[in-house]
Amino acid sequence: MLNIVVDENIAFASTAFNQFGKVTLIPGRKITNSILKNVDVLIVRSITSVDGNLLKNTKVKFIGTATIGTDHIDFEYLKVNNIYFADAKGCNAYSVAEYIVAALLNLAVKFDFKFQSKSIGIVGVGNVGSKVAVFAKALGMNVLLNDPPLKRIGDKRDFVDLDEILKCDIVTIHTPLNLTGIDRTHHLFDKYNLSKLKDGTIFINTSRGAVVNNLDLINAIDKNNLKVILDVWENEPNFNEDLLRKVLIATPHIAGYSFEGKVNGTKLVYESLCKYLEVDFTFDFKLDKPQNSNLDSEYEDRIEITLNKIISAIYSIKKDDDKMKKSYVMNFQERLEYFDLQRKNYPTRREFNNYTVNSKFMNEEVKNLLKKLRFNLS
């Protein structure tokens with residue numbers, strides 16, 4: 001029987017993995033070397049740093065992360081110590097893309113603009129960025145793509161240099177955090193690049209906090225009148241309080257926290273563990289439809305208003321922002337704990353394809369757009 005430690009915030013953490021042995025659920029920030037002494041399998045999220053300090057003199061031979069990011073993993077240590085690794089790349093790509101749509105609709109209504117008048121620059125066009133591009137094109141935006149690694153390996157899409165991206169009305173980041181090398185993204189958006197953003201740019205980061213120099217961003221918000229949406233922060237959960245006060249929409253690293261995204265993360269790691277152990281897949285990850293999955297809506301004066309009403313009915317990004325900004329009045333320790341509690345207690349959020357919209361009173365343009373956003377129509 002295997003001893004398995006799983007981050008308690010991973011979906012189906014106990015029931016999916018108990019067929020392999022004894023499962024112990026532990027908060028991700030409290031997983032320590034001493035806890036892992038007699039553990040065979042460790043399954044984490046991005047808040048647990050997996051390196052020699054954590055794994056030295058343990059029995060762990062399988063590491064799974066139910067996340068798309070891997071900057072918390074010391075791959076060299078795993079390779080030297082012959083430890084098998086599995087990630088969940090792509091698991092929550094739709095969740096993040098839908099978060100972007102919800103955020104932009106919120107701003108379109110608040111500042112009274114139409115998407116067809118906007119350009120959007122997407123930095124990083126992998127699993128997430130590609131889906132953001134599809135949604136942005138459906139909404140009528142002029143979409144520009146930047147991804148030097150994909151361009152180098154022959155991806156046939158039209159890519160532009162970062163300087164072209166910085167001229168866009170909207171800039172959204174979907175890169176991994178690379179600390180070194182030709183594709184270094186740590187502080188990619190520093191004082192120099194942030195200064196190139198034009199006045200009033202909508203700037204979004206849902207990738208990793210340290211891709212943006214948060215101190216430089218504070219100054220850029222004031223100088224360039226930036227409209228900022230941040231889901232990720234440098235030094236989480238110890239985020240910069242001054243920056244929190246300046247962003248329009250602030251959330252605690254939950255863009256990828258749809259229920260489907262979480263479950264997909266578990267499923268991908270589960271399947272990798274089955275392959276590693278050479279056993280059959282037996283756990284059923286099928287999800288029921290959400291309650292109130294049928295939505296009624298009538299066409300408003302503008303398509304942005306119509307869509308915002310529909311999407312706000314199933315996911316209110318403003319509620320996430322309001323919760324995050326409650327930490328204004330908290331002391332340092334309270335803010336640290338509150339950041340994690342928001343994630344631990346995050347309400348169930350289902351993706352767009354679970355919902356059916358009554359389209360009886362909608363024109364064909366709106367119907368086609370809803371389909372492209374993965375809604376069902378009745």
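In which handedness of crossing does H11 pass H14? The crossing is right-handed, meaning that the near helix is turned clockwise from the far one by less than a right angle. The model is predicted: local features need pLDDT of at least 70, side-chain atom pairs count only at pLDDT 80 or more, and totals for chains, interfaces and linings use all residues. Residues are numbered from 1 along each chain as its sequence is written, and side-chain values use heavy atoms, without hydrogens and water.

The axes of helix H11 (residues 303–314) and helix H14 (residues 364–372) come within 11 Å and cross at roughly 45°. Axes are lines fitted to C-alpha atoms over the stretch in contact, with angles from 0 to 180 degrees between N-to-C directions. Helices are DSSP runs (H or I, at least four residues), numbered from the N terminus. Ile-303, Leu-307 and Ile-310 of H11 meet Glu-365, Val-366, Leu-369 and Leu-370 of H14, contact being heavy atoms within 4.5 Å.

Two cavities of 30 Å³ or more were counted. A cavity is a set of points on a 1 Å grid over the protein atoms alone where a 1.4 Å probe fits but cannot get out; lining residues have an atom within 4 Å of a point. Volume is the space filled by probe spheres set on the points, joined across faces, edges and corners. The largest cavity has about 40 Å³. Its lining draws four residues from H3, the largest share.

Conventions: Helices (H or I, at least four residues) and strands (E, at least two) are DSSP runs, numbered from the N terminus. On a 1 Å grid over the protein atoms alone, a cavity is a set of points where a 1.4 Å probe fits but cannot get out, and a pocket is an open set with protein on both sides within 12 Å along at least five of seven lines; lining residues have an atom within 4 Å of a point.
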